[in-house]
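I opened my notebook to look a few things up in this structure. My plan was to go residue by residue and then turn to where the chains meet.

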There are 2 protein chains.
Amino acid sequence: MSDSLKVAIAGLGTVGAGTVKLLQEQAELISMRCGRDVTVTAVSARTAGRDRGFDMTGIAWFDDAVEMAEKADADVVVELIGGSDGIAKRCTEAALRAGRHVVTANKAMLAHHGTELAALAEENNAALAYEAAVAGGIPVIKALRDGLAGNRISSLYGILNGTGNYILTTMRETGRDFADVLEEAQALGYAEADPSFDIDGVDAAHKLAILTSLAFGSPVNFDAVTVQGIRNITSVDIEYAELLGYRIKLLGIASETEFGVEQRVHPTMVPINSPIASVEGVYNAIVTEGDWVGRTVLEGRGAGAGPTASAVVADIMDIACGRHGYAFGVPVKALRAHEVGNLDQLTGAYYIRLQVMDVPGVFADIATALRDAEVSMEQILQRGRAPGEIVPVVMTVYEVKGSQLRQALDRIEALDAVVEPPHVIRIEEL
Amino acid sequence: MSDSLKVAIAGLGTVGAGTVKLLQEQAELISMRCGRDVTVTAVSARTAGRDRGFDMTGIAWFDDAVEMAEKADADVVVELIGGSDGIAKRCTEAALRAGRHVVTANKAMLAHHGTELAALAEENNAALAYEAAVAGGIPVIKALRDGLAGNRISSLYGILNGTGNYILTTMRETGRDFADVLEEAQALGYAEADPSFDIDGVDAAHKLAILTSLAFGSPVNFDAVTVQGIRNITSVDIEYAELLGYRIKLLGIASETEFGVEQRVHPTMVPINSPIASVEGVYNAIVTEGDWVGRTVLEGRGAGAGPTASAVVADIMDIACGRHGYAFGVPVKALRAHEVGNLDQLTGAYYIRLQVMDVPGVFADIATALRDAEVSMEQILQRGRAPGEIVPVVMTVYEVKGSQLRQALDRIEALDAVVEPPHVIRIEEL
């Protein structure tokens, strides 16, 4: 048997502590599968001395994660501190510069600095592995890099944020409002005290930027992601979606178009019988289209200590078995920046809800604005009439360019009888 | 760049020819991802000279696959001949003995000889890779071996045969009979001229035995799989299943129980809203339960030239990148045979359809037989009455041991008014 693989872990929150526990509890299984032992030799966290539910015997303590990354007796440094910059990044860089492999769950850091960190890893002949950074326990990074490696990926989309999906699922099931369900999610520990990364789509965008780089062989380009969160989704829209045969999901979508690779995160109406529509609660799912393999769907728990530790340990075991390659599938110098597509150029169908004063002539004005911008209505729903009151008018429109739709909506929003900015949700017939 | 990886391919049916085409068409992508070229240097098939849609320049032809495995200028031999024994096995053994890596899509061979072939691979320091043998393009072997490697798997189940699933889906959607739909599937090329491996569950059992070995760390034990196919599923049962809120799927199931690891393939009623129920047509899906990761679902195309070639090429690329490990996740000497569980010991719920002469007293006789065997009825359906005629009586029973149920059914079958052997389908609340 080869020498033991020595692992240092920076950050002992639920995922960090879970990773140590997994490595200790399944030590025999892991050793059998890797042909060598995997041993935790050092840890670092903000507060020393606390009981974190694992055995500290033989594990060195470091107050400073960067010092640990440089000096610990370790082959692999696991970065579970979080945050795109600061200590997490310094710890990662120090480990790579010291020729140590890095395993990380840090999507923010990879979304902002993934390409340069991958280059640093290559220079130092070290692995940069990040299965845990995207979709928790689902082995989607390995699927794209290894399992589907013979394919060109033409598109991928998925539910990449468990908190957001939990909120949308609960809103639909209970008819409750966004703010109310968010508060509950925070009480249950699903959402952070500052939930903005989850509900504003930033977390999903981080993950999408990483997946896009790996799937399309391009440098990570987080700035190119169009991002819209779920704050403005109301239970009214969820109800209309059901009436129209759709479900609202916060999707990350990346696809190759004639205008380049577009990356976007936004609430999306998907047909109720599409596979992604039935992925509920804290589950994540990713759908990929490869030129030889066709459609592949991967689904599982997107967060939590157990699934995330499972992904971290899978990466550690890859390193123990000598199975590690380029961070983004190809050498950094072979990554090719793509043209960046955006929704203005692309066509799509849309759901539109207007809040309208029910006065004579308002429909005609709306219809004229749509016609002048060459936007074709597919269906229109107005339940009940209430002359002189404010009523919702819901419609879906056929494929239009984003720029065309905006032109029509600007005119509609300017109408006296339209009392709120239009609520617009893109429809994808996935 | 390292030397080119040289590949010899035995068998040039749709998958073999597809594999050569994939390797040629994506040569640049593959080379970039592996850091070296992958080149087809030799092929072998029954008939020489035929145009198979790829460029033969620089490729040596062998009439004899075994001779090719021994003598071709190749690092990897890809076995796509098929069949559990004969030339496929001799070719595989010859390649491994010559220290060449083997990639195969041959589930029958692995189900019958997987453990000994894995031992031969280890002795000769060669890889035995078989992603394409199970569930076509879905990277389930790599998911179990690498992506979920830190987990103990407690159960797995899935739709492992695309032909069977296509037939059941079409029967449900059209209301047509088994024989009729099978004929169509044969005309469309989905089912072989001899369809028995698909419809009798043997193909699914081959795949299940392989998955079980990998997931539970045991020698491949195909003989321990309880197998029942879909020949006896009627459109009447499919209709009743829908009425009861279930869908009928041919599932392969392996799970750890107090009696050992049980492996079974049989038509199964699953709740209509379970994820596996919506996997339709030629798609396959595998659901696994790991102790840390929880439930993971993988879905994709289970057969066909493109998906299968995608899986074969992924294995070749693993070898090109130096990513290969033990065939069944651990060294052969570490594989542990489990106790074998069976349905007689296990409890389960069941659907039962009886064809009954509608005469007074028959219900009482049936109910008595159930009561005496301590089998509890959950619901009973009888649509319409027809005194003196034969009518279906459909019921579901709560969890019972298989042996108990058999006792009740033996007595029921012996009743004069019961004119056919009972139609029994196990229910799984997946």
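**Entry 1**

I began with Ala10(A), which sits in strand E1, residues 5-10 of chain A. A reminder to myself: this is a predicted model. Is Ala10(A) buried or exposed? I found a relative accessible area of 0%. Ala10(A) counts as buried because that value is under the 20% cut-off.

Next I asked which residues Ala10(A) touches. Leaving out residues up to four places away in sequence, I listed Ser44(A), Ala65(A), Met68(A), Val78(A), Glu79(A), Leu80(A), Ile81(A) and Cys91(A).

Then I checked the record. UniProt, in an unreviewed entry, lists a "binding site" at Ala10(A), Gly11(A), Leu12(A), Gly13(A), Thr14(A), Val15(A), Gly16(A) and Ala17(A). I picked Gly13(A) from that list and looked up its place. Gly13(A) is in the loop between E1 and helix H1 (14-25) of chain A. Its relative accessible area is 44%. Gly13(A) is therefore partly exposed, as 44% falls between the 20% and 50% cut-offs.

**Entry 1: Lys207(A)**

The unreviewed UniProt entry gives the annotation "active site" to Lys207(A). I found Lys207(A) in helix H10, residues 202-216 of chain A. How accessible is Lys207(A)? The value is 5%, so Lys207(A) counts as buried. I noted its contacts too, skipping residues up to four places away in sequence. Lys207(A) touches Lys107(A), Ala133(A), Val134(A), Ala135(A), Leu160(A) and Asn161(A).

Glu192(A) lies in the loop between helix H8 (178-187) and helix H9 (196-199) of chain A. Is Glu192(A) buried or exposed? Its relative accessible area is 53%. That is over 50%, so Glu192(A) is exposed. Setting aside neighbours within four places in sequence, I found Glu192(A) in contact with Gln186(A) and Asp198(A).

I stayed in this stretch and looked at Glu183(A), which is in helix H8 of chain A. Glu183(A) counts as exposed, at 57% relative accessibility. I also checked a distance. Glu183(A) and Pro195(A) are twelve residues apart along the chain, and their C-alpha atoms are separated by 9.9 Å.

**Entry 2: a covered helix**

How many residues of helix H6 in chain A are buried? I counted eight of its eight, so this helix, residues 140-147, is mostly covered. The buried residues are Val140(A), Ile141(A), Lys142(A), Ala143(A), Leu144(A), Arg145(A), Asp146(A) and Gly147(A). I noted that Lys142(A), Arg145(A) and Asp146(A) are on this buried list.

Phe363(A), Met377(A) and Ile380(A) make a nonpolar patch of about 240 Å². Phe363(A) is in helix H13, residues 362-372 of chain A. With a relative accessible area of 35%, Phe363(A) is partly exposed.

I wrote down the background: most residues other than glycine have a negative phi. Glu374(A) counts as exposed, at 63% relative accessibility.

Asn125(B) is not a glycine, yet its phi is positive, at about 55 degrees. Asn125(B) is in the loop between helix H5 (107-123) and strand E6 (128-129) of chain B. At 66% relative accessibility, Asn125(B) counts as exposed.

**Entry 3: where the chains meet**

How many residues of chain B contact chain A? I found 48, and they contact 48 residues of chain A. The area buried between the two chains is about 4,300 Å². Carbon and sulfur atoms give 54% of that area. Arg33(B), Trp292(B) and Arg323(B) supply 19% of the area that chain B buries against chain A, more than any other three residues.

Last, I looked for charged pairs. The rule finds four salt bridges across the interface of chain B and chain A. I also noted a salt bridge between Arg295(A) and Glu299(B). Their closest N and O atoms are 3.6 Å apart, which is within the 4 Å limit.

Terms used
Residues numbered from 1 in each chain as written. Chains lettered and ligands numbered in written order. Predicted model: local features only at pLDDT ≥ 70, side-chain atom pairs only at ≥ 80, totals over all residues. Heavy atoms only, no water. UniProt positions renumbered as here; feature names shortened; annotations may be inferred. Helix = DSSP H or I, 4+ residues; strand = E, 2+ residues; numbered from the N terminus. Buried < 20%, exposed > 50% of the residue type's maximum accessible area, 1.4 Å probe, protein only. Contact = heavy atoms within 4.5 Å. Patch = residues over 30% accessible without salt bridge, like charges linked within 9 Å, V, L, I, M, F, W, Y side chains within 5 Å. Areas by Shrake-Rupley, 256 points an atom, 1.4 Å probe, with all protein chains shown as cover. Salt bridge = Lys/Arg side-chain N within 4 Å of Asp/Glu carboxyl O. Buried area = accessible area lost by both parts, 1.4 Å probe.
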